[in-house]
Amino acid sequence: MIRVPDHTVTCHLCDITGPLAITSANPSGEPDSTHHSMVINRLGHKIQGVLCDGDSNEVVASTVVNCLRIDEGIITIVREGCVPAVKVQQIFERLKNTML
């Protein structure tokens with residue numbers, strides 16, 4: 001999966017470091033963390049820090065898209081979140097058509 005941040009500090013960090021391999025900020029099976037305070041409360045004893053770029057307007061978790069078969073022209077929505085699945089599919093189809 002590819003996580004695409006929409007926060008200035010995180011984007012700047014990625015510009016400096018390149019892509020980051022990260023996991024979700026919630027223990028397996030628990031509800032999604034949608035605020036940095038939730039991450040600190042759940043995982044603060046296991047992590048050294050949290051990168052926070054201010055409050056997010058999003059109260060819904062990220063949309064997760066499986067791109068393992070993208071070379072075959074296939075993507076699958078694993079979890080619909082703040083970006084609606086229809087919007088993801090529309091963007092993918094538009095990009096796919098420009099690649100033909």
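E93 comes out as partly exposed because its relative accessibility is 32%, where partly exposed sits between buried (under 20% relative accessible area) and exposed (over 50%), using a 1.4 Å probe and protein chains only. The model behind this is a predicted one, so local features need pLDDT of at least 70 and side-chain atom pairs count only at pLDDT 80 or more, while totals for chains, interfaces and linings use all residues. Residues are numbered from 1 along each chain as its sequence is written, and side-chain values use heavy atoms, with hydrogens and water left out.

The partner of E93 is K96: the two form a salt bridge with their closest N and O atoms 3.3 Å apart. A salt bridge here is a side-chain nitrogen of Lys or Arg within 4 Å of a carboxyl oxygen of Asp or Glu. K96 also counts as partly exposed, at 26% relative accessibility. Both residues belong to helix 3 (residues 85-99), and because they are three residues apart, about one helical turn separates them. Helices (H or I, at least four residues) and strands (E, at least two) are DSSP runs, numbered from the N terminus. In general, an α-helix has 3.6 residues a turn, so residues three or four places apart point the same way.

The salt-bridge count comes to three. Another of these pairs R69 with E72, whose closest N and O atoms are 2.9 Å apart. R69 is partly exposed at 43% relative accessibility, whereas E72 is exposed, with a relative accessible area of 52%. Then there is R42 with E30, at 3.6 Å from N to O. This pair links distant parts of the chain, 12 residues apart: R42 lies in helix 2 (residues 36-43), and E30 in the loop between helix 1 (8-17) and helix 2. E30 is partly exposed, at 39% relative accessibility.
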